[in-house]
Amino acid sequence: MESGPEAFAGAAFALFGAGLLLWTGVCVRTGVPVADGVGRVVGAVTALLFAVAFLGAGVWMLASL
């Protein structure tokens, strides 16, 4: 019964991390800025770090079921 919220949170974190990773990759490949008002390198590195962190947290939550 307690694994339901954990599965939902894990799926949400993993989907968000994967989506952010994909979006950042497309932005970097096409040369579009990742964030407004931030340098391209800083925005891309920050987005990649958060994407990996969210994806890792989601996988960890799903693996601990």
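Does Leu48 count as buried, partly exposed or exposed, and at what relative accessibility? Leu48 counts as partly exposed, because its relative accessibility is 36%; buried means under 20% relative accessible area, exposed over 50%, and partly exposed in between (1.4 Å probe, protein chains only). The model is predicted: local features need pLDDT of at least 70 and side-chain atom pairs count only at pLDDT 80 or more, while totals for chains, interfaces and linings use all residues. Residues are numbered from 1 along each chain as its sequence is written, and side-chain values use heavy atoms, with hydrogens and water left out.

**Overall form**
- The protein has two helices and zero strands; helices (H or I, at least four residues) and strands (E, at least two) are DSSP runs, numbered from the N terminus.
- The protein is more spread out than a compact globule, because its radius of gyration is 14 Å, well over the 11 Å that the globule rule gives for 65 residues; the radius is taken over C-alpha atoms, and the rule is 2.2 Å times the number of residues to the power 0.38.
- Along the principal axes, the C-alpha atoms fill a box of roughly 45 × 15 × 15 Å.
- Of the contacts with a separation of 6 or more, 70% are accounted for by residues 24 or more positions apart, contact meaning heavy atoms within 4.5 Å.

**Helix α1 (3-30)**
- The 28 residues of α1 should span 40 Å at 1.5 Å a residue, and its end C-alpha atoms are 40 Å apart, which agrees; the expected span is 1.5 Å times one less than the number of residues.
- Gly10, Ala14, Gly17, Leu20, Thr24 and Cys27 are the buried residues of α1, and their cover includes α2.
- Ala9 lies in α1 and counts as partly exposed at 22% relative accessibility.
- Ala9 and Trp60 are 51 residues apart in sequence, and their C-alpha atoms are 11 Å apart in space.
- Gly31, which follows α1, has a positive phi near 85°.

**Helix α2 (residues 40-63)**
- The buried residues of α2 are Gly43, Ala44, Ala47, Ala51, Gly58 and Met61, and α1 is included in what covers them.

**Surface**
- The accessible surface of the protein is about 4,600 Å², of which 76% belongs to carbon and sulfur atoms; areas come from the Shrake-Rupley method with a 1.4 Å probe, and for residues only the protein chains shown count as cover.
- Buried residues make up 20% of the 65 residues.
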